[in-house]
Amino acid sequence: MNLATTDEVLKDDTEVDARTQALGRELFALARRMPSGESWWDRRVMSLGMSDEHVKAQLFRLVDVLPVLSTSQQVNRHLREYLGDVREHLPWVARAGLGWLPENGFFGRRLAGAAVKNTRRMARRFIAASDVTEAVAAAKALRARRMTFTVDLLGEAVLSAAEAIAYQKYYLDLVEGLSNDAANWPDDPLIDRDDRGPIPKVNVSVKLSSLFSQFDPIDPDGTSRAVRERLRPILRLAKDRGAFVNFDMEQFAYKDLTIRIFREILGEEDFRAWGDVGIAIQAYLKSSGEDLRELAQWARRRGTPVWVRLVKGAYWDYERIVARQNDWPLPVYDQKPETDANYEAQAAFLIENCEWLRPAIASHNIRSIAAALAHAEAHKLPQGAIEFQLLYGMADPIKAALIRMNHRVRVYAPVGALLPGMAYLVRRLLENTSNESFLRAGFLERVPEETLLMNPLKLL
């Protein structure tokens, strides 16, 4: 979607923008009074990572490799090597102590154990559970705070049919285990009902590439057949148990095939009238507007609405690198205000077409959230017609503020072991410490609210 079209969709509506500013200030005021949920140690690590890009890169490399280091000597050697490369960028205390880092012995084992323990603890800040039992406990803990959830199984591409079958079984176990326990959960109208009635208490997100080891856009027909074969048991179980299934979106190369499989399997007789399904669309992609228009037309023909989780996207650096390496056109917007403007435009489109594409606004950006609320008010959408989705372990004050304003909050809660979760953890850490991070600017660096709430069209 080009920026001219974005401008047409938004129409630079001064009344809606004024309401966006007012709602944004209200959200900020509420959020700043809420506890952050961060420990002193987390704040110190984030502060160190944000203070210097060289240090951040080395710390994240260390985090990425830690799960495969099996001895304390290996851990301490990597600590010394990674931090030694950025010695001059470290605080003086760290520089002075770097040469004294032990490699072995009692103190070496204690140091390595502390590094691994703190990495695992940080991972658990963003990763909700390691198995089905923990996932049930995490879901109940979220519900106790008046938040609902979607559970995502960590790990993306698989390397064998055996791995894909194991992932399929894990999804089935998640749906079964959560549904069994959910039968005894008391109803909470804020999170268990929307403007059209009851909604599923259990919600699972599926990555299609985890269901087929040869997931490949070069063979769309074969890939679609194989993935749909593995998907059907998951969808049938979810439909039978009254659960919701969302199709996650991965890298740009998989986008068209993911949408194709979504449309093909939900066009099948067994699932055509089933509405407890959704798909993620990434607003940093220039094609997102066209994808949403085609999805709206398809949903009308299908005769049953679907949900759309509107995200900005988590693979921006990756997409830029791949496009430049191959001399391909850049599929993502190059500047953050372009993505923010497109996000608001597509949120407005979802709200205007909510009869067929039900809006799930997934963002930590208060301006983006407030703009969606302002558009929903302008179109007189009833309470509960849209929901807000935020990541597990991030933006807790914003979640609490939205709940205080009587909006449904769904938390994207990853489940999985530490090793496959490292890539996810590093993405979350990069988000938290990015120079363009809204959370960093708004809650750590205290950038003025009027700057953070500015219409992104005016920044272009």
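1. In helix H14, which spans residues 316-325, the residues Glu319, Arg320, Val322 and Ala323 are buried. These residues lie on the same side of H14, because the arc they cover around the axis is only 170°. Arg324 and Gln325, on the other side of H14, are exposed. The model is a predicted one, and the points below should be read with that in mind.

2. Just after H14, aspartate 327 adopts a positive phi of about 55°.

3. Across the whole structure, a search finds five aromatic pairs. One of them joins phenylalanine 149 and tryptophan 185 in an edge-to-face arrangement, with 6.1 Å centre to centre and 75° between the planes. This pair links distant parts of the chain, given that phenylalanine 149 belongs to strand E1 (residues 148-153) while tryptophan 185 lies in the loop between helix H9 (161-182) and helix H10 (189-192), 36 residues apart. Phenylalanine 149 counts as buried because its relative accessibility is 0%, and tryptophan 185, with a relative accessible area of 7%, is buried as well.

4. Phenylalanine 271 and tryptophan 274 form an aromatic pair that is tilted, with 6.2 Å centre to centre and 45° between the planes. Both phenylalanine 271 and tryptophan 274 are buried.

5. One aromatic cluster is formed by Phe247, Phe262 and Trp298.

6. A contact between a charge and a ring also deserves a look: the charged end of lysine 312 sits over the ring of tyrosine 343, at 5.1 Å from the centre of that ring.

Methods:
Residues are numbered from 1 along each chain as its sequence is written. This is a predicted model: local features need pLDDT of at least 70, side-chain atom pairs count only at pLDDT 80 or more; totals for chains, interfaces and linings use all residues. Side-chain values use heavy atoms; hydrogens and water are left out. Rings of Phe, Tyr and Trp (its six-membered ring) pair if their centres lie within 6.5 Å; planes under 30 degrees apart count as stacked, over 60 as edge-to-face and the rest as tilted. Helices (H or I, at least four residues) and strands (E, at least two) are DSSP runs, numbered from the N terminus. Buried means under 20% relative accessible area, exposed over 50%, partly exposed in between (1.4 Å probe, protein chains only). A charge sits over a ring if NZ of Lys or CZ of Arg is within 6 Å of the ring centre and within 35 degrees of the ring normal. The arc is that of the directions from the helix axis to the C-beta atoms.
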